[in-house]
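Open the model in your viewer and keep the selection tool handy. We will go from one selection to the next and look at what is there.

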Amino acid sequence: MTLDHRRTSLPTGHAGSLDVITSEAATTASAGTVLSRLSWLEIEAAVAKEQKNRHVYTPSISVFRWWARRPHSLMGAIIDAANPGGDAGFVVSDIFSGGGTVGVEAARRGLAAYAQDLYPWPALGLKASLASCSLAEFDAAAAALTEHLRRLDHYYTREDGRVLSHIFYVREGQCPDCEGRVSFFPEHLVTQIPQPAKTRGKGKADEAQETELSASPTEGYFGCQACGHVERRPVTDGRLPCASCGQADVPQRRGHTHKTCVHCGHCALFAAFLPGSRWKPVLVQEVKHSKGLTTTLRLPEDDDPLLDPFSLPEEVQVAMPDDLETKRLKQIGFSTWGDLYTPRQAHYLLEALRFTRDLDVSQACRDRLAYAVIGLAEMPAYLCRWDRFHQKVFEGFANHHYAHTTFVVETNFASPIGRGTLPRRLKAARKALAWALDTFPQWQQVRRVAVRPRGQCRPPISGRCHIAIGSSVRQGLPGSSVDLVLTDPPYFDDVQYGELSRLFHVWLAQYAKLPKYRHEQEAVPNSARKVSGGDYQKTIQRSLAEARRTLKPGGKIILTFHNRKIQAWQALAGALRGAGLQVDALAITRAENDADHSKRGGKGMLHDLVIECSPRTKHPSESGKPVEPPEPLIAHAGDSQEAQELRTVGLALARAVHQCGEPRLDTLFQNLLSGQGLKAERINS
């Protein structure tokens with residue numbers, strides 16, 4: 001396969017087609033910067049196309065869950081611009097590998113790559129993404145696993161053969177004042193009743209949650225907090241009192257730490273209602289085989305398999321730590337990771353992993369299968385939220401935080417329909433494998449290495465990817481061995497990557513022995529672990545300094561970053577300055593999908609600041625004479641308020657990096673904004 005460095009194309013066949021074209025305008029004074037060689041309008045169009053349907057254009061993302069993945073089309077285009085001659089010996093390094101986008105894009109070009117992450121989950125996930133096996137081998141292994149697990153179908157099967165795909169529970173507690181029982185429905189309307197639709201032959205069949213035709217499409221199920229009764233009635237009758245007890249609905253403050261008793265009006269911390277609490281089944285969804293697959297959302301019946309016959313397996317009764325995210329889980333009654341699942345969910349996962357572990361197939365095939373199985377772990381029954389208007393289940397950390405809800409959904413992992421089921425995971429895993437077989441010019445020879453003493457790892461050679469586990473303050477690569485460091489550092493305290501990964505590590509440990517890692521080395525501020533913004537800056541600085549050591553002469557370090565907190569930018573500026581780097585060029589580009597749940601309504605940033613850096617040989621102010629800081633090249637900037645603020649904070653960051661001492665970036669940022677007649681709306685100072 002011949003690579004044209006001017007075109008980054010996501011192949012057709014098993015996935016969609018998406019082109020990113022690098023510009024011919026790498027001339028004049030700007031030719032020395034990588035970012036000036038890119039056609040940013042084409043990149044933004046490609047990113048928008050990719051982000052709206054990533055499972056079509058980059059199916060490799062389905063191999064393992066990660067947070068804040070950068071667009072493949074953006075990272076691939078940067079690699080091409082940094083290697084305009086298509087040199088096969090070009091070496092790419094990603095020191096905060098995470099979702100593995102850079103490693104995958106290097107593999108697509110047959111380039112050598114070094115990818116490092118603190119945690120085993122993403123590092124081994126990237127290894128599974130790149131390792132080779134045939135479709136025939138994977139199909140046979142998936143079929144064997146499915147057949148083995150068929151004997152567990154009775155977990156959700158009635159005696160008459162009807163199968164439940166989902167079971168809905170409400171959390172029922174006791175008022176600490178009047179001792180009345182309260183069913184904590186988050187809203188009076190539990191769910192609307194959806195329109196009917198067949199699921200076979202549709203583009204999103206495996207995600208649909210259709211039901212039979214209701215008497216009226218405006219009907220819904222309503223829950224009573226006073227007695228727990230659920231009834232079906234027109235949505236327009238939602239204000240009527242409960243037909244069972246006559247109690248009128250009393251709205252609770254959604255997601256608030258305090259709850260109110262509907263009987264006596266007593267308000268207290270939710271934890272005060274938990275002694276003696278239970279999860280009460282109130283609705284079920286039933287799969288029907290009738291001219292295709294459809295589902296019916298209904299009230300429970302006597303013959304429904306609602307009683308879980310198992311106890312929680314000891315293997316997953318691993319205590320949660322008192323960290324930032326997990327402390328919230330412990331405050332609402334969970335103490336071990338296994339507590340988040342029903343026992344039958346836990347048994348299903350364990351049985352699937354045991355069988356996969358002992359399969360007589362190649363390691364690459366076994367790893368892909370195991371990661372598909374462990375993907376089920378993001379659907380713990382007592383954290384999954386139901387979208388009452390769109391009738392689908394959200395994962396236990398859909399918004400990059402562990403969920404806290406009192407109306408939850410237990411997924412039947414074997415269900416032929418619905419999000420987060422084994423049939424859907426296996427289908428996605430096969431698609432990712434087929435995409436890789438069609439996409440990579442040659443299969444990577446993956447070498448997973450522990451982080452050895454500095455410089456003790458051989459430099460990667462063409463067609464190989466070295467994957468290291470451990471803090472990037474120490475990298476195994478020798479000096480002067482990397483052409484391009486392309487990475488996105490942790491976005492300050494926006495995502496607690498390690499705490500979210502711990503759920504997966506519990507299950508990954510049931511499949512293979514986990515490499516050692518030190519959670520306290522994570523570069524993420526965390527008040528529970530007393531990790532400050534200063535600690536974040538020091539870790540990023542040491543990692544970037546180590547990356548600078550590995551650069552070849554003329555090599556570049558390119559970062560993508562965004563954040564709404566000015567202290568995050570201050571920390572990044574200090575890290576760049578302390579690592580001996582200078583900012584050569586900036587670009588602001590669209591990087592997120594505005595349709596994502598966490599981005600709707602202006603809740604998150606949609607653009608990235610791309611920062612091109614190179615080693616600083618000597619600080620201009622070391623001569624003792626005052627100098628004007630050089631302005632970095634602005635390769636691209638949009639007209640939106642967010643883009644203008646990112647452009648301004650990028651210029652402030654470049655000046656803060658250039659100046660000696662510890663200049664206040666917030667002051668530089670505000671002064672630059674004022675000079676342009678702008679006010680900060682997205683970045684908070």
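**Before you start.** This is a predicted model, in which local features need pLDDT of at least 70 and side-chain atom pairs count only at pLDDT 80 or more, while totals for chains, interfaces and linings use all residues. Residues are numbered from 1 along each chain as its sequence is written, and side-chain values use heavy atoms, with hydrogens and water left out.

**Stop 1: the largest cavity.** Select Phe96, Ser97, Gly98, Asp117 and Pro490, which lie nearest the centre of the largest cavity among its 31 lining residues. A cavity here is a set of points on a 1 Å grid over the protein atoms alone where a 1.4 Å probe fits but cannot get out, and lining residues have an atom within 4 Å of a point. The whole structure has four cavities of 30 Å³ or more, and the largest holds about 340 Å³; grid points are joined across faces, edges and corners, and a volume is the space filled by probe spheres set on the points.

The lining comprises 13 nonpolar, twelve polar and six charged residues. Ala, Val, Leu, Ile, Met, Phe, Trp, Tyr, Cys and Pro count as nonpolar, Asp, Glu, Lys and Arg as charged, and the others, Gly among them, as polar.

**Stop 2: α12 and α13.** Axes are lines fitted to C-alpha atoms over the stretch in contact, with angles from 0 to 180 degrees between N-to-C directions. On the α12 side, the contact (heavy atoms within 4.5 Å) includes Gly533, Tyr536 and Leu544, and on the α13 side Gly574 and Gly578 are among the residues. This contact has six nonpolar, six polar and no charged residues.

**Stop 3: α8 and α9.** Select residues 343–357 (α8) and 363–374 (α9), whose axes are 10 Å apart at an angle of about 175°. The two helices are therefore roughly antiparallel, a term for angles over 145 degrees. Leu349, Ala352, Leu353, Thr356 and Arg357 of α8 meet Arg366, Leu369, Ala370, Val373 and Ile374 of α9. Seven of these contact residues are nonpolar, one is polar and two are charged.

Methods
1 Å grid on protein atoms, 1.4 Å probe; cavity = no way out; pocket = protein on both sides within 12 Å on 5 of 7 lines; lining within 4 Å. Helix = DSSP H or I, 4+ residues; strand = E, 2+ residues; numbered from the N terminus. Parallel < 35°, antiparallel > 145°, perpendicular 65-115°, else oblique.
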